[in-house]
Amino acid sequence: MKPNLKGCYNENKAVCYFQEKGFEVFKKCQTNGIMDLITFDPKTAKVQGWDVKTGNRRKDGTKIARSVRNKNFKSQVRLLYVYDNGTVSEALTRRSRQLAL
């Protein structure tokens, strides 16, 4: 699959992932924006921006870490990884990693 088509395909997988969880999902209207999706949780009224990335692994199996497109919006935009096998994974924020320790 062409790389640009893979990105569009994975964004659509991400939309399905959030809709299955009960979120309202809004896709971007332009090709180069600071985020790919905005979700709204009707239960908590929480709004969250998402940057969808294709998940990749090194030869040894470790994840390749990505970062959000625009560093100025790092606190408002979270990463969502979509892997070739169909799994979707929300990247942990630095704060949630600290709380887990």
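Which residue stands opposite Ile38 in β2? The residue is Phe26, and that pair is a handy way into this fold. You're looking at a predicted model, where local features need pLDDT of at least 70 and side-chain atom pairs count only at pLDDT 80 or more, while totals for chains, interfaces and linings use all residues. Residues are numbered from 1 along each chain as its sequence is written, and side-chain values use heavy atoms, with hydrogens and water left out.

**The overall plan**

- The protein chain has two helices and five strands; helices (H or I, at least four residues) and strands (E, at least two) are DSSP runs, numbered from the N terminus.
- The protein chain has 101 residues, and 29% of them count as buried. Buried means under 20% relative accessible area, exposed means over 50%, and partly exposed is in between (1.4 Å probe, protein chains only).
- Take the contacts in the protein chain with a separation of 6 or more: residues 24 or more positions apart account for 40% of them. A contact here means heavy atoms within 4.5 Å.

**The sheet**

- Five strands make an open sheet, in the order β1-β2-β3-β4-β5, and the pairing is mixed. Two strands pair if DSSP finds at least two bridges between them.
- At the edges sit β1 (24-27) and β5 (88-90), each of which pairs on one side only.
- On average, neighbouring strands of this sheet are turned by 30° against each other, direction ignored. For that angle, axes are lines fitted to C-alpha atoms (for helices over the stretch in contact), and angles run from 0 to 180 degrees between N-to-C directions.

**Zooming in on β2 and its partners**

- β1 pairs with β2 (residues 37-41) in the antiparallel sense, over four bridges. Besides the pair from the opening, Lys27 stands opposite Leu37 in β2.
- β2 and β3 form a hairpin with four residues between them, and Ala45 in the turn has a positive phi of about 60°.

**β3 and β4**

- β3 is mostly covered, with seven of its nine residues buried.
- β3 and β4 pair in the parallel sense over six bridges. In this pairing Val52 stands opposite Leu80 in β4.

- Glu11 is in helix α1 (residues 3-20).
- Glu11 counts as buried because its relative accessible area is 12%.
- Leaving aside its neighbours within four places in sequence, Glu11 is in contact with Lys27, Lys28, Asp36, Leu37 and Val52.
- The second largest pocket has a volume of about 200 Å³. Of the 13 residues that line this pocket, Gly7, Cys8, Glu11, Val52 and Arg69 are the closest to its centre.
- How is a pocket found? On a 1 Å grid over the protein atoms alone, a pocket is an open set of points with protein on both sides within 12 Å along at least five of seven lines, whereas a cavity is a set of points where a 1.4 Å probe fits but cannot get out; lining residues have an atom within 4 Å of a point. Grid points are joined across faces, edges and corners, and a volume is the space filled by probe spheres set on the points.
- α1 and β3 (46-54) each supply at least two residues of this pocket's lining, and α1 gives the most, with five residues.
- The lining divides into two nonpolar, five polar and six charged residues. Ala, Val, Leu, Ile, Met, Phe, Trp, Tyr, Cys and Pro count as nonpolar, Asp, Glu, Lys and Arg as charged, and the others, Gly among them, as polar.

- Val88 lies in strand β5, and Val88 counts as partly exposed because its relative accessibility is 22%.
- Leaving aside its neighbours within four places in sequence, Val88 is in contact with Tyr17, Leu80, Tyr81 and Val82.
- Arg66 is in the loop between β3 and β4 (77-82), and Arg66 is partly exposed, with a relative accessible area of 37%.
- Arg66 and Leu79 are 13 residues apart along the chain, and their C-alpha atoms are separated by 8.1 Å.
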